[in-house]
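Please have the sequence and the structure open while I talk.

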Amino acid sequence: MTESAAPSGAGRHDRIEPVRPRVWILDTTQQWFDDLADSGLASEEERARAASITHAPAARKLLARRSALRILLAGYLSCEAHEIRLVTAPGGKPVLVPGDPYGRSVAFSAGHSGDLYCVALSESSSVGLDIERLRSVTRARSIATRWFGAAEAAMLDGVPDDHVEIEFMRLWTCKEALAKRHGAGLRLMRGDEGELDVQAELSAQRLHRFDPRDGYLAAVASTGVVDAVEVIEAGEDIWTT
């Protein structure tokens, strides 16, 4: 595991170092996060999606996540949160509506697992983030054979049984981050071929692994070199950051 850089401050319009993506961590169990669902920032499409979800807490979390994303993006794009226009790309990744002038550019990627929602911001041309809560994966080796490349699956075969699940999840998190950077679903690419080659991307320093909290794994993939990630814990003052 590599360490994350200490945060340098979370002020609005604060420039992001090209080699140090900024990752915001939001605790979805907090009341201030739930309140974001009522901010009115979600789009009509997002509200329709939320309305189709029968589990009310899950629907509110969807609205809160998209509202938080707009707030964070607005802090770096010199605009108001309600001005942020998002669409969903074919691979499922939310992107800014092409051509909208925001005064500066920023690449972003978001992910959620367990109680955490994370947003990565970067001044590279593209960035991908994945976060996973540690959990049991009883068929780790067979899943690796299906989804990973031959070299990666073989590497897991050499891992002791009591460590194979966490090593599988580290690989999975990295591959999801790479897939998000590419803008395509994981199903479209596999293994140590091309853009999802975890070891090659780690060696090239375009992939960075970190543990956002105890019990969670995360990875950020960028089109540029990543020396570290700057991790910021968001709080109820998110509106003013």
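Let me begin with the cysteines: the structure holds zero disulfides, where a disulfide is taken as a pair of cysteine sulfur atoms within 2.5 Å. Cysteine 79 is buried, at a relative accessible area of 8%, and cysteine 174 is buried as well, at 1%; buried here stands for under 20% relative accessible area, exposed for over 50%, and partly exposed for what lies in between, with a 1.4 Å probe and protein chains only.

Residues are numbered from 1 along each chain as its sequence is written, and side-chain values use heavy atoms, with hydrogens and water left out.

On confidence, the protein averages a pLDDT of 86, and 88% of the residues score at least 70, pLDDT being the predictor's confidence in each residue on a scale from 0 to 100. Where pLDDT is low, the predicted coordinates should not be read in detail.

Turning to the overall picture, the protein has seven helices and nine strands, these being DSSP runs numbered from the N terminus, with helices as H or I of at least four residues and strands as E of at least two. Of the 241 residues, 50% are buried. Among contacts between residues at least 6 apart in sequence, 60% join residues at least 24 apart. The accessible surface comes to about 11,400 Å², and 50% of it belongs to carbon and sulfur atoms; these areas come from the Shrake-Rupley method with a 1.4 Å probe, and for residues only the protein chains shown count as cover.

Which residues of the largest nonpolar core touch the most other members? They are Leu26, Leu73, Ile84 and Leu121, in a core of 36 residues, where a nonpolar core is a set of buried Ala, Val, Leu, Ile, Met, Phe, Trp, Tyr and Cys residues joined through side-chain atoms within 4.5 Å. At least two residues of this core come from each of β1 (22–27), α1 (31–35), α3 (56–77) and β5 (116–122), and α3 supplies the largest share, twelve residues. If we set aside neighbours within four places in sequence, the contacts of leucine 26 include Trp32, Phe33, Ala68, Leu72, Leu116 and Ile238. There is also a second, separate core of 22 residues, with Val137, Ile143, Leu171 and Leu217 among them.

The aromatic rings come next, and the structure holds five aromatic pairs. Rings of Phe, Tyr and Trp (its six-membered ring) pair if their centres lie within 6.5 Å, and planes under 30 degrees apart count as stacked, over 60 as edge-to-face and the rest as tilted. Phenylalanine 148 and phenylalanine 168 form a stacked pair, because their ring centres are 5.5 Å apart and their planes stand at 25°. This pair links distant parts of the chain, 20 residues apart, with phenylalanine 148 in the loop between α4 (140–147) and α5 (150–157) and phenylalanine 168 in helix α6 (residues 164–182). Both of these phenylalanines are buried. Phenylalanine 148 also pairs with tryptophan 172, this time in a tilted arrangement, at 6.2 Å centre to centre and 40° between the planes. Tryptophan 172 likewise lies in helix α6, 24 residues from phenylalanine 148, and it counts as buried at 19% relative accessibility. Ring pairs link Trp147, Phe148, Phe168 and Trp172 into a cluster.

Finally, a few individual residues. Serine 78, in the loop between α3 and β2, has a positive phi of about 55° although it is not a glycine. Glutamine 205, in the loop between α7 (198–203) and β7 (207–210), also has a positive phi, near 60°, and is partly exposed at a relative accessible area of 40%.

Conventions: This is a predicted model: local features need pLDDT of at least 70, side-chain atom pairs count only at pLDDT 80 or more; totals for chains, interfaces and linings use all residues. Contact means heavy atoms within 4.5 Å.
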